[in-house]
Amino acid sequence: MNLNLSGHHLEITPAIREYVISKLDRVTRHFDHVIDVNVILSVDKLQQKIEANVHLRGKDIHVEAIDEDMYAAIDALIDKLDRQVLRHKEKYQERRHDGALKYQAVPGEAAS
C-alpha cells in the first residue's frame with residue numbers, strides 16, 4: 001500500500017503521521033487489496049478537515065471529515081472509510097462467489 005500524506009496550511013508532525021498510519025492499519029486489516037491512499041490534512045480557521053482518496057482494485061473511494069480537533073477528524077474519517085471498504089468488500093465477494101458457483105462442475109456428472 002502506498003501512502004501519501006500532505007498538509008494544506010498545516011505542517012504534518014511525526015505524531016500526526018504515526019496516528020494516521022496506525023488508524024489506516026485497521027482498513028488494510030479488513031481488505032488487503034488497497035493499492036494507494038492519498039490523505040490531505042487542511043486547516044481553515046477553526047475547522048480541521050481531512051480527506052482521503054483510496055484506490056482499490058475496481059473502485060476509488062473518497063471520504064472526508066471535518067471537526068474542530070484534528071484527531072477527532074481522523075477518527076471520524078477512518079470510521080467512514082472502514083464502513084465503505086467493508087461494503088465494497090462484501091459486494092466484491094458476492095460477485096466472485098456467484099460466478100464461481102454457477103459454472104462449477106459437479107463430480108461424476110458429464111458436461112453437456
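First, a term: buried is under 20% relative accessible area, exposed is over 50%, and partly exposed lies in between, with a 1.4 Å probe and protein chains only. By that rule, Glu64 is partly exposed, at 33%. So is Lys49, with a relative accessible area of 26%.

Some ground rules. This is a predicted model: local features need pLDDT of at least 70, side-chain atom pairs count only at pLDDT 80 or more, and totals for chains, interfaces and linings use all residues. Residues are numbered from 1 along each chain as its sequence is written, and side-chain values use heavy atoms, leaving out hydrogens and water.

Now salt bridges. The criterion is a side-chain nitrogen of Lys or Arg within 4 Å of a carboxyl oxygen of Asp or Glu. The count is 5.

Start with Lys49. Its side chain meets Glu51 at 3.7 Å, N to O. Lys49 also bridges to Glu64, at 3.9 Å. Helices here are DSSP runs of H or I, at least four residues; strands are runs of E, at least two; both are numbered from the N terminus.

Next, Lys23 and Asp75. They form a salt bridge at 3.5 Å, N to O. Lys23 is in helix 1 (residues 14-30), Asp75 in helix 2 (residues 70-102), 52 residues apart. Lys23 is partly exposed at 26%, and Asp75 is partly exposed at 27%.
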